[in-house]
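Here's a quick briefing on a ligand site and the domains around it. Have a look at the model first, then we'll walk through it.

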Amino acid sequence: MDHRSALLNSFAHQIPSHHEVLVVGGGIAGAGVFRDLSLHGISTLLIDKKDFTSQTSQSSSKMLHGGIRYLENLDFALVWEALHEKNLWLKLAPHLSYPEEFYLPVYKDGLRPLWMIRLGLFLYDALSSFNNLPSSQANATQTLKQIPLLKERGLTGSGIYSDAVMDDAKITLECIYDGLLQRKSYACNHTSLERIEKYQDGYKAVIKDQITQCEREITCNKVVFTTGPFTDKLLSELKLFDWTPKLKLSRGSHLWFDNDMLKLKKPMVLTPKDGRVIFVIPQRDKTLVGTTEVKGRADFDQSPSDEEVDYLFKNLKEFFPKAIIDKKYLLGQFAGVRPLVMEDGENSLGKVARNHKVYQPQENAFVLMGGKYTTFRVMAQDVVEPLLHQMRRPYQNHLSTLPLRKPSQVVPWTEFTLSPQLIEQIILEEFPKTKEDFIHRRLGSREEDLSAELITQIESSLEKNLKAVTQA
Ligand SMILES: Cc1cc2nc3c(=O)[nH]c(=O)nc-3n(C[C@H](O)[C@H](O)[C@H](O)COP(=O)(O)OP(=O)(O)OC[C@H]3O[C@@H](n4cnc5c(N)ncnc54)[C@H](O)[C@@H]3O)c2cc1C
């Protein structure tokens, strides 16, 4: 991507006024749709009110997984699909994901005995068409060797199965960079859809650049809403068509700890007696712990409540009695809201299926909701295929199974030195617009980890870029 196209691709006032498709919402669902449409040569504009992937899609448990717990709901089709997608993405984006063995400790007084876990894990392997690294089991001694600080009393052993760890923010971003290699596609972060109405055979929309405050009108033949948990609220405000709320929002919170606290080498799954599941996933020098499951609201930029933090602390203390569980090890925390599609007769949030749904409330309007991060490619296909069919263009299945072509400047889990040149390069090619976009999602880092001098450099480069673009 050259300088000019990077600038063009980033600010609302510089994009063309007509696009074949407008995709609203740049989390993983929107990024998947944008990439698939772009790979098919469709001129597409993707917009997001905030930074791309700054909402639910950077607040996941960061696993590409089949969803071991969905076996209990007998969601075999979903688990099959997710396991196949997980194994595909391990191949397509090996720099953004890696396979891991997860330990599932079993206790005498736990909810499930070891034999039942073994059976479940065999089924899990089978649903991956035996492409998963094979599951196995460990006795109590072997388990404690891997997880020395784990509670010993009543431990009978562990089931061990294979899933994957990923960088959620980077996969979304790289899908967008990949789509942008198609010259007729544009992506604007910090750009909201304000109004939309029917116009000729398609739509006229007013979009607003939240940085420059500039509003402009664009037209498109078709619109796709991929606004995740914000969809019900947005669609009822836009009044483009009749829309009955369909989402059940479930909020989940995670905590990042220094690895010194639990000294874990392998990720593991805790199963407290309340029937919930807590993942504890070491990633280099940090450990991710989550998630909770409480009723959520469609607010931007969520953070965990005190009760959710207390809940995770309480369970860590119970499962790791030999460790010092202390806030001094806490490095960060985040929360996100699952956009679950309402199923009649379901009350428990944890049991609502993670299936996605596509709605077509008008001939040229599509709404994609629900699903899981792991299955975003097939979710996108379920929108793009009928959309192309309407346009009398063939859908080519293989395109979205091609590897991502445009890696980020800073690849996760690797060391990097932030030189002035690298700062410039990231701004030009990956279009962060705020300090937070830059540090949090383009670097995958925290402000506390950078020197004051570097932060000043980042801020002044972002400002310089904004000036150049607004004067262009
Ligand atoms: C706690 C938690 C843990 C999870 N863990 C996993 C996991 O480990 N693995 C897995 O596979 N799945 C996981 N999931 C599920 C997965 O994260 C979500 O299904 C997925 O990220 C949802 O993506 P999305 O694109 O639909 O929504 P979002 O990422 O929220 O994207 C919607 C976007 O729409 C934008 N938007 C809203 N209004 C407007 C507007 N007016 N104009 C323009 N843009 C707008 C928002 O800014 C936002 O960026 C988890 C979910 C949660 C909550």
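Which domains give at least three residues each to the shell around the ligand? Domain 1 (3–57 + 169–246 + 352–401) and domain 2 (98–164 + 249–341) both do, with bounds taken from an automatic or database domain assignment. Keep in mind that this is a predicted model, where local features need pLDDT of at least 70, side-chain atom pairs need 80 or more, and totals for chains, interfaces and linings use all residues. Numbering runs from 1 along each chain as its sequence is written, and side-chain values use heavy atoms, leaving out hydrogens and water.

**Ligand shell**
- There are 37 residues around the ligand, counted when a heavy atom lies within 4 Å of it.
- Asp 48, Thr 56, Ser 57, Met 63 and Thr 374 come nearest.
- The shell splits into 11 nonpolar, 20 polar and six charged residues.

**Polar contacts (pairs of N or O atoms within 3.5 Å)**
- Thr 56 puts a polar side-chain atom 2.6 Å from a ligand oxygen.
- His 65 has a polar side-chain atom 3.4 Å from a ligand nitrogen.
- At Leu 193, a polar backbone atom sits 3.1 Å from a nitrogen of the ligand.
- On its own the ligand exposes 1,000 Å², and the protein buries 98% of that (Shrake-Rupley method, 1.4 Å probe).

**Domains**

Conventions. Polar contact = N/O pair within 3.5 Å; in protein donor to acceptor, adjacent residues only side chain to side chain. Nonpolar A, V, L, I, M, F, W, Y, C, P; charged D, E, K, R; others polar.
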